[in-house]
Every structure is written in C-alpha cells, then in structure tokens.
Amino acid sequence: MARTYSIKTDDPITERTACLIAGVFEKGALPEITRRLDGDGQIAALLRDGDFRAAAGDTLLIKHPRGLRCERLLLTGLGPRKEFDDHALRKAAAAAARAVNAGGARQAGCLLTRIEGQDVSNAVRGTVESMEAALYRFEQLKSDKTKVRHPLTRIALYADTRSTTAARR
C-alpha cells in the first residue's frame, strides 16, 4: 500500500482531517503545540485523572474532540520530557501509525514533528521512517493476506513556517 507524506505549515487547529496525532509527555507535561490543541482542558483532564499515562509509545484515541475540526485526536505518549530523544520520537511515531491505521482513518495530520527542542529535518525523517516500518507488511508469499478496512494512505507532517525549508530536505 503506497502512502504519501507531505509537509504542511497551516495551523493544525483549524485544519479539517480524519485524525490528528499529538504528543504528550509523561506526568502531564504538554508540548506547546499540544497545549494549543487543549483549549478546553480535555487533554489535561485525561492526564490529571490518570486515564492516559503517556509512556513512550502509549496511545489514546479521542473521537470528536471538543474545539477541534478533526474527527479523531490521537494522543501519543512521548515518555519523560527529560529523556525525549530521537528514539522516543520514533517509538511514538510507530505506535501512532499503527493506532491510526487500526482505527480506520485514511488520512492523518502528525504534530510530532512540531515538538520543541528537536532538529526538524531529523524529526521528519525519523517520523516517516518509523511510520513506514510500522505499517509495512510483507505479504507477497502469503495466501491469506491481511486486509485493512481503511488503510492509512496520506500523512501530513506539520512544521512551523521557520523550519519548512529544513524539513523538506
């Protein structure tokens, strides 16, 4: 299944998409972009109440999130803020890709590349490589091929306008 990746600089809060992927650090620490998504405190309440641990690779799907134009919001755990690195980003991106694909969204917007403190070009590369590896299925020699009902085919990676040139490299 061929997937296409694009880089967008639009405001993800106003974008209409099937699923928006946002990162969350353990112990309720929200990256700046995720904090902007949480206008009514829904994400903070989930974290405060212990409904989402946010360990690296954890996911939680919220259908019809309040105040956003996306159909689904996938919270993806990034682990502890102090330990966030390329490995944690890749683990989160792979988990997010599997969760979105299993959830039936054909397109997704990914905000993992907008987390402050990381090199944008490395974040984009790591996110794409991890998502592709997580969704890859070698089935050419299998008689019973696994069919995904609505496979994920388009992924938009959001970058701010200052870092778009670096991300496109």
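1. Let's start with arginine 90, which is partly exposed at a relative accessible area of 33%. (Buried is under 20% relative accessible area, exposed is over 50%, and partly exposed is in between, using a 1.4 Å probe and protein chains only.) Arginine 90 makes a salt bridge with glutamate 129, with the closest N and O atoms 2.8 Å apart. Glutamate 129 sits in helix H4 and arginine 90 in helix H3, so this pair ties together parts that are 39 residues apart in sequence. Glutamate 129 is partly exposed too, with 40%. A salt bridge here is a side-chain nitrogen of Lys or Arg within 4 Å of a carboxyl oxygen of Asp or Glu.

2. A word on what we're looking at: this is a predicted model, where local features need pLDDT of at least 70 and side-chain atom pairs count only at pLDDT 80 or more, while totals for chains, interfaces and linings use all residues. Residues are numbered from 1 along each chain as its sequence is written, and side-chain values use heavy atoms, with hydrogens and water left out.

3. Back to the charges. The whole structure holds eight salt bridges. Among them, glutamate 116 pairs with arginine 81, the closest N and O atoms being 3.7 Å apart. Glutamate 116 is in the loop between E5 and H4, and arginine 81 in the loop between E4 and H3, so the pair ties together parts 35 residues apart in sequence. Another is local: glutamate 32 and arginine 35 come to 2.6 Å at their closest N and O atoms. These two are three residues apart in helix H1, about one helical turn. Glutamate 32 is partly exposed at 41%, and arginine 35 is partly exposed at 44%.

4. Now the overall layout. The protein has five helices and six strands, in the order β-β-α-α-β-β-α-β-α-β-α from the N terminus. (Helices, H or I with at least four residues, and strands, E with at least two, are DSSP runs numbered from the N terminus.) Of the contacts between residues at least 6 apart in sequence, 72% join residues at least 24 apart; contact means heavy atoms within 4.5 Å. Buried residues make up 49% of the 169 residues. The accessible surface is about 9,100 Å², and carbon and sulfur atoms account for 47% of that (Shrake-Rupley, 1.4 Å probe).

5. The largest nonpolar core has 31 residues, and Ile21, Leu78, Phe84, Val100, Cys110, Leu112 and Met131 touch the most other members. H3 gives the largest share, eight residues, while E2, H3, strand E5 (107-110), helix H4 (120-135) and strand E6 (154-158) each supply at least two. A separate second core of 20 residues includes Ala22, Ile62, Leu75 and Ala156. (A nonpolar core is a set of buried Ala, Val, Leu, Ile, Met, Phe, Trp, Tyr and Cys residues joined through side-chain atoms within 4.5 Å.) Leaving out residues up to four places away in sequence, valine 100 touches Cys19, Ile21, Leu74, Ala105, Ala108 and Leu152.

6. Alanine 156 is worth a look. It belongs to strand E6 and is buried at 10%. Its C-alpha atom is 9.7 Å from that of threonine 9, which is 147 residues away along the chain. With residues up to four places away not counted, alanine 156 touches Ser6, Lys8, Ala108, Gly109 and Cys110.

7. Aromatics are quick: there is one aromatic pair in the whole structure. The ring centres of phenylalanine 25 and phenylalanine 84 are 5.4 Å apart with planes at 85 degrees, so the pair is edge-to-face. (Rings of Phe, Tyr and Trp, its six-membered ring, pair with centres within 6.5 Å; planes under 30 degrees apart are stacked, over 60 edge-to-face, the rest tilted.) Both phenylalanines are buried.

8. Which residues deserve a backbone check? Alanine 54 has a positive phi, near 70 degrees, without being glycine, and histidine 64 has one near 50 degrees. Alanine 54 lies in the loop between helix H2 (42-48) and strand E3 (59-63) and is buried at 0%. Histidine 64, in the loop between E3 and E4, is exposed at 63%.
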